[in-house]
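Take a look at the protein below.

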Amino acid sequence: MQMNNVLCEKQNGTAVVTISRPKALNALNRETLEELIACFEELERDGDLVAVILTGAGEKAFVAGADISFMQRLNALEGREFGKLGQAAMNAVDAFTRPVIAAVNGFALGGGCELAMACDFRIASENARFGQPEVNLGVIPGFGGTQRLPRLVGRGQALELILTGDMIDAEHACRIGLVNRVVPLERLLPECLAVAEKISQKSPVAIRLCKEAVATGLEMDIARACRYESDLFGVCFASDDQKEGMQAFLDKRAPHFTGR
Ligand code: CAA
């Protein structure tokens, strides 16, 4: 598919997906959301892919939100459809079977913060700014923000951000657990690639099942979630990766995982 606003470049086993609409600080319009979904569908079919890094073009913005000039004209039904499309794009990122790291390189506001939160974890540059400023526009966060933010940082921190529309800096985001760490802008991509490289050394089977255990288990009560974990733990023993990983440990050598 020809993409105008989403670029995808593969570096070894890692795909760097870049939202690129510089004239609107990478804001998400319908075309960009559709391209994002198509891009992740295509990446899902790439059997060699280890991880994805999601970032924004330029040095100013990750994604400055859903596109306000596009939304300004919408009626209620169109607004609902746009919200569903945005949620589908966030869900495509959230449900991706390989790790997705957000490299937050500037403004991550509204739909941009929601997109970062749909990733598995976030590493931010020092100039990154986060917020859910929808209340300034007469709307509520609509791409999952009212749900993912409290799950990530807790109800009180989430509601303060959502109700005030305040923008917070990267250090503040780190303090409340919205990002894992903060690095200088020039170190952001190398740092994310290094994390992806580290993950690429591990068992692909285990990596997928870890993601599944965390994502699915968080939606269950702890007793059912732990039973689900036992099931997935058991599934590992059907894999070559488990046999290789444990044998390599006993042989005192590095494992050679095949992902089978
Ligand atoms: N939608 C459309 N265009 C946007 C945009 C957005 N979300 N954010 C920035 N732009 C455009 C600006 O209109 C401007 O375009 P022009 O040059 O044609 O005027 C260009 O990007 C540069 O932006 P600014 O001149 O405003 O840059 P700045 O440095 O002065 O400010 C900013 C940067 C603080 C990020 C400011 O642009 C801003 O507040 N943007 C809007 C942020 C926002 O409210 N996001 C939430 C959107 S609602 C949402 O996302 C709903 C949801 O949950 C799905």
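**From fold to surface**

The secondary structure of the protein comprises 11 helices and 10 strands. Helices (H or I, at least four residues) and strands (E, at least two) are DSSP runs, numbered from the N terminus. The model is predicted: local features need pLDDT of at least 70, side-chain atom pairs count only at pLDDT 80 or more, and totals for chains, interfaces and linings use all residues. Residues are numbered from 1 along each chain as its sequence is written, and side-chain values use heavy atoms, without hydrogens and water.

Start with overall size. Along the principal axes, the C-alpha atoms fill a box of roughly 60 × 40 × 35 Å. Of the 260 residues, 45% count as buried, meaning under 20% relative accessible area with a 1.4 Å probe and protein chains only.

Strands β1 (residues 6-11) and β2 (residues 14-19) pair in the antiparallel sense over 6 bridges. Pairing requires that DSSP finds at least two bridges between two strands. Q11 has T14 in β2 as its bridge partner. The hairpin leaves 2 residues between β1 and β2. In this turn, N12 has a positive phi of about 55 degrees.

Where does L137 lie? L137 sits in the loop between β8 (129-131) and α5 (145-153). Is L137 buried, partly exposed or exposed? L137 counts as partly exposed because its relative accessibility is 47%, and that class runs between the buried limit of 20% and the exposed limit of 50%.
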